[in-house]
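Hi everyone, thanks for making the time today. Please have a look at the sequence and the structure on the screen while I talk.

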Amino acid sequence: MEREPFVIESTELGTIAVSLEAITQIVGQAAAESYGVVALTGRGRLSRRIPWGIRKGVDVEQRADGLAIELRIVVEHGVRLAEVATTVRSRVLYELERMVDEVARQ
């Protein structure tokens, strides 16, 4: 079952939309490259046996007021969790805005 794309802008000339799979990729890559993040992880014990991947640990849900993004990350030992959380949130938001802005300009 394919999910509906996330509509960025809609005018009389047409609609600009991004697939939720593309958004998942952008979010996963940004989170994985953030300070203090060792890996993204899935849910439960079975996820430990499945090879690591960017989509693992990222859930994107489209809601009436925008997107809801859930990340499950493994944090490096000894770093401050609040600092990592703030960094990941900022980086993901920045990358989403940057990538979506590039799509809207084309």
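I'll go through the salt bridges and then turn to a pair of strands.

A word on where this comes from: this is a predicted model, in which local features need pLDDT of at least 70 and side-chain atom pairs count only at pLDDT 80 or more, while totals for chains, interfaces and linings use all residues. Residues are numbered from 1 along each chain as its sequence is written, and side-chain values use heavy atoms, with hydrogens and water left out.

Let's begin with charges. Side chains of opposite charge can pair when their charged atoms come close. Here, a salt bridge means a side-chain nitrogen of Lys or Arg within 4 Å of a carboxyl oxygen of Asp or Glu. How many salt bridges does the structure hold? There are six.

Please find Arg72. Its side chain meets that of Asp59 in a salt bridge, at 3.0 Å from N to O. This pair links distant parts of the chain, 13 residues apart: Arg72 is in the loop between strand S5 (66–71) and strand S6 (73–75), and Asp59 is in strand S4 (residues 58–63). When I say helix or strand, I mean DSSP runs numbered from the N terminus: H or I of at least four residues for helices, E of at least two for strands.

Arg72 also meets Glu70 in a salt bridge, with 3.0 Å from N to O. Are these residues buried or exposed? We call a residue buried under 20% relative accessible area, exposed over 50%, and partly exposed in between, using a 1.4 Å probe and protein chains only. Arg72 is buried at 16%, whereas Asp59 is partly exposed at 30% and Glu70 is partly exposed at 35%.

Now over to helix H3 (residues 81–105), where Arg91 and Glu95 sit four residues apart, so about one helical turn separates them. They form a salt bridge, their closest N and O atoms being 3.9 Å apart. Arg91 is partly exposed at 27%, and Glu95 is buried at 14%. Both belong to a network of salt bridges that also links Glu33 and Arg98.

Last, the strands. Two strands pair if DSSP finds at least two bridges between them. Strand S1 (residues 6–11) and strand S2 (residues 14–18) run antiparallel and are joined by five bridges. Thr11, for instance, has Gly14 in S2 as its bridge partner, and a hairpin connects S1 to S2 through two residues.
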